[in-house]
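User: Please examine the structure shown below and answer a series of questions about it.

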Amino acid sequence: MLFADAGALFAVLISDDSHHLDASRVAAENRESRERLWTIDPVLTELWLLLRRDLGQVRADEAVGGLTKQGLQRESLRAEDFARSWQFGADWADQEFALTDRQAFSVMERTNRLRAWSYDKDFAIIRLGERRHHPLEIVR
Amino acid sequence: MSGRSFPLYLTEEQHAAIRQAAELSGSSMTEVVRGLIDVHLVSDSPPTDLTPLIGAYSVGHPTDVGAEKDTMLEDALSALR
């Protein structure tokens, strides 16, 4: 199970992005490996906002809907994930992790799915677990 | 929980991996094994294939979402006002 953040999904969809070639390769590898791709709803909201800025609402809707039709799975946030998100903010006060990213870290920790497709440096910084022993396996 | 039991013998490495996963997620080792089976063997959802969407859109200018996502989001939110 491979988590995808908004940047990774944006880079797949948008041919102008500097990470587009890398993201295209990851998407092709993902299809070959049949590893399921998952995300959380806040990531899709971020992505929709990014797309809407340049493409407009209709095409942003189409793009985000297309991702889920192609098998991108949505993992629901639980109450404990919200609580853990605030804790990440307090524990990593020297960082400026976005709330969406902290929510993703919480779900990854809870589900023990540590593979993340992201071009965001924060995913390489975070360590999960009470003792911060567990880095994410970054795919990019 | 109703169900069927099944004897399972693990290598030391496999046992340690499951124990570590249980510690990380705050669940039992049994729950970790059940979760792995659900994800890899039971799920009826189709595999992901994003390749038909590769490069489906152009925004008409270069972007670097890895480095500039926060700025891009601020612009996007400003446009909503």
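The questions and answers that follow concern chain content, salt bridges, pockets and selected residues.

Analyst: This is a predicted model, in which local features need pLDDT of at least 70 and side-chain atom pairs count only at pLDDT 80 or more, while totals for chains, interfaces and linings use all residues. Residues are numbered from 1 along each chain as its sequence is written, chains are lettered from A and ligands numbered from 1 in the order in which they are written, and side-chain values use heavy atoms, with hydrogens and water left out.

User: Which pattern does chain B follow along the sequence?

Analyst: Helices (H or I, at least four residues) and strands (E, at least two) are DSSP runs, numbered from the N terminus. Chain B has three helices and zero strands. Read along the sequence, its pattern is α-α-α.

User: What percentage of the residues of chain B count as buried?

Analyst: Buried means under 20% relative accessible area, exposed over 50%, and partly exposed in between (1.4 Å probe, protein chains only). Chain B exposes about 5800 Å², of which carbon and sulfur atoms supply 54%; such areas come from the Shrake-Rupley method with a 1.4 Å probe, and for residues only the protein chains shown count as cover. Of the 81 residues of chain B, the buried share is 23%.

User: How many salt bridges are there over all chains?

Analyst: A salt bridge is a side-chain nitrogen of Lys or Arg within 4 Å of a carboxyl oxygen of Asp or Glu. Salt bridges link D22(A), R25(A) and E29(A) in a network. Over all chains, the count comes to 16.

User: How many residues apart in sequence are the parts that R74(A) and D41(A) tie together?

Analyst: The side chains of R74(A) and D41(A) form a salt bridge with an N to O distance of 2.6 Å. R74(A) is exposed at 51% relative accessibility, whereas D41(A) is partly exposed at 34%. Because R74(A) lies in strand β3 (residues 73-74) of chain A and D41(A) in helix α3 of chain A, the pair ties together parts whose separation in sequence is 33 residues.

User: Which residue of chain B meets E46(A) in a salt bridge?

Analyst: The pair crosses between chains, from helix α3 of chain A to helix α3 (residues 65-80) of chain B. The N to O distance is 3.0 Å, and the partner is K69(B).

User: What is the N to O distance in the salt bridge of D101(A) and K69(B)?

Analyst: D101(A) lies in helix α6 of chain A and K69(B) in helix α3 of chain B, so this pair joins two chains. Both D101(A) and K69(B) are buried. Their side chains meet at 3.9 Å.

User: Which element gives the most to the lining of the largest pocket?

Analyst: On a 1 Å grid over the protein atoms alone, a pocket is an open set of points where a 1.4 Å probe fits, with protein on both sides within 12 Å along at least five of seven lines, and lining residues have an atom within 4 Å of a point. The largest pocket has a volume of about 710 Å³, a volume being the space filled by probe spheres set on the points, which are joined across faces, edges and corners. Of its 25 lining residues, T111(A), N112(A), R113(A), V32(B) and L36(B) are the closest to its centre. With eight residues, the element that gives the most is α2(B).

User: How many charged residues are in the lining of the second largest pocket?

Analyst: The second largest pocket holds about 480 Å³ of space, and α5(A) supplies the largest share of its lining, seven residues. Ala, Val, Leu, Ile, Met, Phe, Trp, Tyr, Cys and Pro count as nonpolar, Asp, Glu, Lys and Arg as charged, and the others, Gly among them, as polar. The lining has four nonpolar and eight polar residues, and its charged residues number eleven.

User: Where is N112(A) found?

Analyst: N112(A) has a positive phi of about 60° although it is not a glycine. Its relative accessible area of 27% makes N112(A) partly exposed. Its place is in chain A, in the loop between α6 and β4 (115-117).

User: What separates the C-alpha atoms of L50(A) and A60(A)?

Analyst: L50(A) lies in helix α3 (residues 41-55) of chain A. L50(A) is buried at 1% relative accessibility. Its C-alpha atom and that of A60(A), ten residues apart along the chain, are separated by 8.4 Å.
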